[in-house]
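The following paragraphs lead the reader through the structure shown here.

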Protein chains: 2
Amino acid sequence: MVMAEITNIRSPRAKAARRLVKRAFRDRDRAFLAEGPQAVREALAVEGATVELFATTEARTRHADIVGAAAAAGVPVHRASGEVMAELTQTVTPQGIVAVCRFVHVPLAEAVPSGARLVAVLAHVRDPGNAGTVLRTADAAGADAVVFSGASVDPYNGKCVRASAGSLFHLPVATGAPVAEAVRQVREAGLRVLAADGAGTRTLDDADLSRPTAWVFGNEAWGLPAELLDLADEVVRVPIYGRAESLNLATAAGVCLYASARVQRQTLHAVEEPTTRRG
Amino acid sequence: MVMAEITNIRSPRAKAARRLVKRAFRDRDRAFLAEGPQAVREALAVEGATVELFATTEARTRHADIVGAAAAAGVPVHRASGEVMAELTQTVTPQGIVAVCRFVHVPLAEAVPSGARLVAVLAHVRDPGNAGTVLRTADAAGADAVVFSGASVDPYNGKCVRASAGSLFHLPVATGAPVAEAVRQVREAGLRVLAADGAGTRTLDDADLSRPTAWVFGNEAWGLPAELLDLADEVVRVPIYGRAESLNLATAAGVCLYASARVQRQTLHAVEEPTTRRG
């Protein structure tokens, strides 16, 4: 089906997509924008996640694989002019393709099933770039889920979606629960709750990371409030060996999540090895 | 000494400071801007680094400690209006204080003395936020130096200075050398050269991190070029356990640098322990 190119941002279809840059409209429509070929590919890989695509003529040619995948999934691909694309995207150098996606988050209890071994809980993380980077890192470290809790940024914020580099579509994400509720839930699922904070008496190298763990990461500027530190089973700090006062939130999260992944895998191997040798 | 408030950005003093937002003028004057109370404090702690300060009346009151430190060091503090301050700073919510600083980098050979145990080499890292974050993380991990090499961003770029959160003033930084020259120098200083790249055959957990190490981190988008991978003693990848394609550069650097710091400290303790026990 050949569709006419949308050249006017006031066309109903373009207008309905464009307003999704605002949270109020995202929440109303339960939909968001994912821009760039990587994010669009990941969106199409999740059944039912993609409502429609907008692509420039050039992008349609360059990303024939995406157009093909959309066709196979019955997702309409609208041709859009460069001007319309510029209105639908937020990057300085737009890549000519953007998807309108349905919300992909799941209820908290579903995101953190019993048996989960590694979960990241964002508590009042306000910077969308940081939040998206933690989501990407949690995915890379093999985490089972990421929880956006308390006054954390909307996971569907454009900058967060971009920083997640597709990971928003890879692992269960829950959003909207108060931090205390998130902590209760992960603990019920059998996870030990470690709060990452410079106030920790135990360092990452001394903490017991072998058990299923939920890491709680706090706000960029003021860390974790006292009542939240009290909720945790242990407060753990990344050791500072030099003169820096602290680490960037996303970096600290990366160091913690990878430390857990390493120790959990070593522990699993240590348990499994005898069996393997016997075999 | 009471100085008149600078209310016009075209005043010679304000104009001379303001043009330092551009690299060409920074290179000509061998000077740069460090904004916010934290950066200014760190600048004043380095002897001879600070040329002058600009502060709003409100910031002078709020940061009396800084004004006192400047006076003790013989650094002039100019009063500036809110309008002038907005021109001298780049953050959305300027904190009312900015320092004009002399270049603080050192020659490559001086930055990486023999005996160094942990060094970060940025190879063609273009994003100033990423570069500054790696600098901050290297400082936190106890690195001996950071080398900005190849076509990497200017360490004095305002966004890089801000992301470094004061670490630019904490450890030796070298800049301007070609990557091959930086690699030659760190190797001459006795360091093993590990290139961090997704193409590595060995993972971080399997690599020998006990020896003095220089990590080479590449460009955000295209990683490290083949000729650079060839220069390294080993190419090491951070393992990806989930479905993320890769890690954000600054996060990957944090995981690598902290892995080195942990293993080097364990190795040192293992060597030192018998002596301690004997004592």
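A residue is termed buried under 20% relative accessible area, exposed over 50%, and partly exposed in between, with a 1.4 Å probe and protein chains only. The model is a predicted one, in which local features need pLDDT of at least 70 and side-chain atom pairs count only at pLDDT 80 or more, whereas totals for chains, interfaces and linings use all residues. Residues are numbered from 1 along each chain as its sequence is written, chains are lettered from A and ligands numbered from 1 in the order in which they are written, and side-chain values use heavy atoms, leaving out hydrogens and water.

Arg26(B), with a relative accessible area of 3%, is buried. Arg26(B) belongs to helix 2 of chain B, residues 23-29; helices (H or I, at least four residues) and strands (E, at least two) are DSSP runs, numbered from the N terminus. Contact here means heavy atoms within 4.5 Å. Beyond its neighbours within four places in sequence, the contacts of Arg26(B) include Phe32(B), Phe103(B), Asp154(B) and Tyr156(B).

In chain A, strand 4 (residues 97-102) is mostly covered, five of its six residues being buried. Two strands are said to pair if DSSP finds at least two bridges between them. Strand 4 of chain A runs antiparallel to strand 1 (residues 31-35) of chain A, to which five bridges join it; within this pairing, Leu33(A) has Val100(A) as its bridge partner. Strand 2 (residues 50-55) of chain A is likewise antiparallel to strand 4 of chain A and joined to it by five bridges. Here Thr50(A) stands opposite Cys101(A).

A disulfide is a covalent bond between the sulfur atoms of two cysteines; the criterion applied is a pair of cysteine sulfur atoms within 2.5 Å. By this rule, zero disulfides are counted over all chains. Cys160(A) is accordingly in no disulfide. Cys101(A) is buried, at 0% relative accessibility, and Cys160(A) is buried with a relative accessible area of 0%.

Finally, the two chains may be related to each other. Copies are superposed by least squares on the C-alpha atoms of residues with pLDDT of at least 70 in both. Chain B is superposed on chain A by a rotation of 180° with 0.0 Å of shift along its axis, at an RMSD of 0.0 Å. The two copies are therefore related as by a two-fold rotation axis. The same surface serves both copies, since 100% of the contact residues of chain B recur in chain A.
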